[in-house]
Structure formats: structure tokens, C-alpha cells
Amino acid sequence: MKKVKSTDGKRISSIKALIYNETTAGYLFALPFIIGFLGFTIVPILSSFYYSFTDYSLGNKASWIGLNNYITLMGDKRFWNSVYVTFKYVLTSVPLKLIFALFIAMIMTRKTRLTGFYRSLYYVPSLIGGSIAVTLVWKELFSRRGLINQLLGMAGIGRVSWFGNQKVALIPLILLTVWQFGSSMIIFAAGLKQIPTTYYEAAKIDGANRRKSFFKITLPCLSPVILYNLVMQTISAFMTFTQAFVITSGGPNDATNFYALYMYNNAFTYRKMGYASAMSWIMLVFISIITLLIFKSSKYWVFNESDKE
Amino acid sequence: MKLKRILVILLVAISVFSLAACKGKETEVADKKDNKPAETKVDDTADDKGKDSNEEAPEPVTLRMAWWGSQARHDKTIAVIEMYQEQNPHVTINYEFYDFDGYFQKLNTLVASDDCWDIMQMGGNFPAYLNKILPLNDYIADGTIDTTNTTEAFLKTTRYNGVQVGVSNGVNTYGVAYDPAMFAEAGIPEPQEGWTWDDYAEICKKFKDELDIYGSSKFDDFAAGCGSGISQFGLEYNFYALTNDDLGFDDYTFLIDYIQMRADLTAYGAYPDPGAIAEIKDIEGDFLVTGEAAMTWVASNQFIALSEAAGRELNLVPIPRRTKDGPAGSAIQSSQMFSISTDSENPVEAAKFLSFFWSDDEANKILANERGLSIFSNVVRALEPDLTPEQIKVNEFVNLIGSYETGEVNPISPEPSQEIQDYYKLIIEKVIYGEMDADQAAKDFYDFAKSKFQ
């Protein structure tokens, strides 16, 4: 945008050249995004980087304290607990979700008249999944007298205090995430359609059973899609906030105190903006490293047809 | 060709827009610079604005107001707002209400964006928001806020370093509410003034044995174990030092007993586990109301809402003590206040409304001391003729606590208070789940709280 303005002031011919330039139109159309990206993403990111080196607390002036926030974080037990809890959550919820999504997607590839209907039906949870309303429903379902406990009671297992037992408190939150498998499912379904049926026919003629053709054909051909889903779901799982915020507020005994929730509490409950900014930067670096590792590892397990040729 | 012409127009429009946007930002920054350093200056400009609107026909004014509380409070407050709007058609009050946690979460985001409500309810944690609170000294001096019917002592409860941060909405104190019918059913004698924590634990366990319910619903652990609990060791102790820059006691072992008792009661099933506690969102969901517990912690002013929600007869007893004849550890305090924010564009109108809210007889007949016993003598007189039995109970209770001897009490929570309270909750849970014993927990918590002041 700056460039546009500075040339604006020069000679008319250069203005014309600029306007008739093809890239101008492109930038122009991208402008709403660029403004939003600069204003709502880059500026906050950079200012949070600055604040992470200050003792900024809401309503007060910030003063420079160097690396102190980062040093304090290293000794903060609640911080390490939140890292541990978040990892536990990511490592269980992401694989479960992907497996479930793939499973449903495979069922959906069978051509029946109702496939489209079912597919939309299964997608619905993802549409409303992140919302407070569903989370509240979940809270009711797993409450002491909720539906789940009533079913367990009828099955003779007895009530479970889901959010009063630190060993099981994470389970309902993981289930809520897994339940929102719709968008991964759609992507898987699209990937499955890309696999030529001739592969399966050839395998069948060679005597491969279903299991074998799943592991030898479906998975390799689908691996780029799996990579994409894995990266996206991992990133979003690291940033999970709503479930814990609404259902458990981090309890009991910090067993569901996710990284993002602890960060939020530091920022908006304890008002320690500087500290929270430091946390967010650690998280950024963390997620970047993990994403990088996933990409690096992909060359060992992602099958790419172009490589073969 | 046409497309390109549109392109040019668009480009120009955008550059003009962005210039304007930049300029807008500059003036905003300049405004802030003017306002921030001297708070008195804000007052001056505010007064000028007020005079203007007085001389001319009143211009329509919109005020934003928010509070936390129970359904009873919401209903009553809204009724008074509507009453005021009827009498002052030029004023529109947009209100929002929350539960306690939600309120402060919202307020914190508003503080961050310099967009606080004009009128905001504030508790003992106000020092954290001092930059956002407009001093009311001038409004009280010039009579915009009518304080003729209250006393200096009451006004002092909401004054901080000479700044009148608000006017108390009423005074209250903590107590324990219980259901006498449940006590009769279980064959347990009702608690009496001077009962101890041991008595309390005993009663809780008995209820578990006899009726298989919780003896006690959620207690305000921090107020019970720290706020009052520490003072029960001696009148000279407070959890926070009177200067608000340190803790008011040196011996961490003061904290052990309450933590141990809470863990024991939870293990026994006589007190709700953390999951059950998380299900209590408001007074209406309290286990005493739902009949799952026989006692609960209550601020005296909320006793009325609690009784209404329960729909049964409830009684009120002072909180348990450490020893029968030891200090009670409770005192009368300002339950909360309304403050005007420095972000307000119409502080004078806000002050006028608040004056009405605090001291108008008719308005307070609706409010009915739900926020605490009014500090205005005219209101107390006006309410006298039609007090309900519950209200009489509360008044007598507050007077009883008021007759106790107390040391110098610190009603204010210093800035790190929220973090310290959260940590206290966590440490109790750690003992409940057997990660620490009560002694370690008390030590750990003491060190944590202490470190916040270094």
C-alpha cells in the first residue's frame, strides 16, 4: 500500500503504468486480507513479542525486564503441568480423531443413496463443535446426574465423577474433540475418491484381501492427505481452549489446565500480560518445531507418486 | 476501460481512508496523553460537560452499566434502572450482568481496550483497577452524589489513599446458612454462635452418615481458611498486611488445619468433590438450594436470594471459630460498590443515577438491601415498615457480627489476590488427591503468596 502512495505523488505516466500493471489489480483484491493480516495479526504478534520482555500488567505501564518472564516460566510448576497436560491431550485426541474420521470416510465411500445425507449428518458436529453451546451440552452430559452417568448406572457400572476425578477429567474433553471429526472426514473422503479403483481390482486379482489392500494401497495413496490432516489437527489441538475453559476451568487439580487456558488466565485473570506474552511465544516456537518435525518425518512415510516416476 | 476507471477511484478512496484512519489514531493518542497524567483534570472536563447539558435541554445520554450477582439481584436492579429511565427520559442505561468470574473476565478485556462500562460494580479487589476508577470526591463535594444521610465512617470503607473510589452498595458479612428442617430430620442439633470448625466437620460427617447427603455445600475456601481463618488465631493477624504489600502473618502452620479439614471432609463424602463444586454456577445451583447439602457459606446479603431460591426456611449462623471463645474472625465490610470508570463520557449523568440508586427511598424499596444493608439512614428508615422475616434475620445477624471485637481489618484485596486465591484452590485439591500432605501444602501456598509481594 505504501508503494502505491509514494508513486502516486510522482509523474502521471508512472501512475498510469502502475494502474495498468497487472499486479496492481492483484494487490488491490488482496488488500482487505493484507490490511487484516497486518493490523490484526502482525502487529499483535510483534507487540506481544515486545511485551514478553516487560512486566506489563493490564491497566499499568510496561517496563523492560529482559528475559525475566522466560526465566520465571521455567520455574513455574503450573506452567510445566500445563505443557504436560496439553501434550497428553494432543497425543491422544489427534490420532483418535484421525482414525475415526478415516473410518467414517471409508464407510461413506460405499455408494448408497443415503451417503450424501449421512455425510452431511456427520459433518454437523464440526460446524457447531467449537461453540460454547455444544460445550455446555457436553458439560451437562457428563455432569454428576447427566445422561452418561445415568447410562453407566443402568449398565451397572455406577456413577463416575467425570470432572471430580483428575484421572478421567481429560476423557470427556478428548471425546468432544474426537466427535468433531467432520472436516477431517470430508478431506479423507475426497482423498479416497482420488485413488483409482483399478489398483484395488488389480490387487484383488493378485489375491490380496481387504486388510492387505487397505495397508498397501489405501494408506500409501492417502498419506499426503493424512499428512495435511495431521498437521492441521495437531496445531489446533495445541491451541485447545474452549472445552477446558467452559467445562472444567482447568480443574480438578489442574488436570485439564491446557496451555492456552493457563495463558489466558495469566493474561486476563491474573492480568500478567507480559508473562502471558512470553508463554504465547514459547507456544509459537513449540508448535513450529513440532510442525517442522512432522514435515521432516513425512519423507519417510508419505508416498508421493511423482517421486516414483 | 471502465473497469480501470473504477480501479483508480477505488485506489484514491482507499488512500484517503487510510490517511483518515491514521489521523484518527493520532488524535486518540493525543486525547489519552491529555487525560492520563492528572486524574483531577478528567474531573474538570467532566464537570464542564455536565454543566453544558444542564443549561440546555437535556441531551439524550446513554450509560453502560454492569454488575455480577444472582437472578434476584438482576431482576431488582433492572427494575430500578427502568424506574430511573421513566423519571429521566433523556437517559438510556444499557445494562449487562454476569456471574462473578464472568464479570471480571469481561471487565479485564474492557480494561485492556480502554472501553470500561460507565458504571461498574467493584469489590474489595478494586486496587487492581485503580487506573480505571474515577474519583468521586468532587461529586460528593458538590452534591451530585447526595451523602447527607450517611456517615463519614461508612464513606471511608470505600476510600483508598484519599480517593473516594465508590460508595458502598451496602454492608455485609459472611455467615453459614443452614436448613433447620434437615437438621431436625437427621437428628443433629442446630449450630450455635461460638461453634468451632471441629463442630462443623462433625456435623458434615453426621449428615453423610444419616442422610447420605453433603453436610456442607461449597465454602468460600479463601475467605474461610485465609481471610477469616488467619484472624481467628488472634486479632493482630490478617491474611494480607494492612499496608497491602505483604502477608499479615509469619507462621505458615496457621493454614494447615483448614486445608486438612477440607481434604478429610471431601474424602468422607461430606463435602462436594471438585467436580461437583464446578457444577455450582450461581446461588440457584447451590447444593443447599437443591437439597443436596444442609449448610452453605453465604454473604449475609445473599441470604435473601438464597432463601428465595431454596423456597424453604433457612437460618443464619456466624462462621465457625477456631476455639469456642477465640476471635470470630468476621467483621462487617462493604459488600461491593458502584464506581464510575475513567472511560465514561458522561460521568455526571452516571453520578446522578448512582445517587438515585444509593439513596432514593423508592428505588431502595425495590432493591431491598439485596446488595447489603444500606449505609443511608433514610433508606434504612424507609425499609423498616415492611421488612420480611428473612430481612430481619439478616439485619440482626449483621448487627450481631458488628458487636464483635475485631482488630484492624483489611477489607481490600491487593493486586495479586486473584492469583493467590486460585493457587489456594489448587493446593487444597492437591491435598484432596494425595499429592501433598496438608503441611507441605500450607508451606507451599505460604511461600507462593509471599513471593507475590517481593
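Two residues are in contact if their C-beta atoms, placed from the backbone, lie within 7 Å. On that basis, 74% of the contacts in chain B between residues at least 6 apart in sequence join residues at least 24 apart. The model is a predicted one.

**Chain B overall**
- Chain B contains 19 helices and 14 strands.
- Of the 454 residues in chain B, 44% are buried.

**Domains of chain B**
- Domain 1 of chain B comprises 61-169 + 336-400, and domain 2 comprises 174-330 + 415-451.
- The centres of these two domains of chain B, taken over C-alpha atoms, are 28 Å apart.
- Domain 1 of chain B contributes 18 residues to the contact between the domains, and domain 2 of chain B likewise contributes 18 residues.
- On the side of domain 1 of chain B that touches domain 2, α3 (71-87) and α17 (389-402) of chain B each provide at least two residues.
- α17(B) gives the largest share of that side, namely six residues.
- By class, this side of domain 1 of chain B holds six nonpolar, six polar and six charged residues.

**Helix pair α10 and α18 in chain B**
- Helix α10 (residues 256-268) and helix α18 (residues 417-432) of chain B have axes that come within 9 Å and cross at roughly 50°.
- α10(B) and α18(B) are therefore oblique to each other.
- The crossing in which α10(B) passes α18(B) is right-handed.
- From α10(B), the contact draws on B:Ile259, B:Arg262, B:Ala263 and B:Thr266, while α18(B) supplies B:Ile427, B:Ile428, B:Val431 and B:Ile432.
- The contact of α10(B) with α18(B) consists of six nonpolar residues, one polar residue and one charged residue.

**Helix pair α14 and α15 in chain A**
- In chain A, the axes of helix α14 (residues 259-269) and helix α15 (residues 273-301) come within 7 Å and cross at roughly 160°.
- Angles over 145 degrees count as roughly antiparallel, and α14(A) and α15(A) are therefore roughly antiparallel to each other.
- α14(A) passes α15(A) in a crossing that is left-handed.
- The residues in contact are A:Tyr259, A:Met263, A:Asn266 and A:Ala267 of α14(A), together with A:Met273, A:Tyr275, A:Ala276, A:Met279, A:Ser280 and A:Met283 of α15(A).
- By class, the contact of α14(A) with α15(A) has eight nonpolar and two polar residues, with no charged residues.

Definitions and conventions
Residues numbered from 1 in each chain as written. Chains lettered and ligands numbered in written order. Predicted model: local features only at pLDDT ≥ 70, side-chain atom pairs only at ≥ 80, totals over all residues. Axes fitted to C-alpha atoms, helices over the stretch in contact; angles between N-to-C directions. Helix = DSSP H or I, 4+ residues; strand = E, 2+ residues; numbered from the N terminus. Parallel < 35°, antiparallel > 145°, perpendicular 65-115°, else oblique. Left-handed = near helix turned anticlockwise from the far one by under 90°. Nonpolar A, V, L, I, M, F, W, Y, C, P; charged D, E, K, R; others polar. Buried ≥ 20, exposed ≤ 12 C-beta atoms within 10 Å, placed from the backbone. Domains from an automatic or database assignment.
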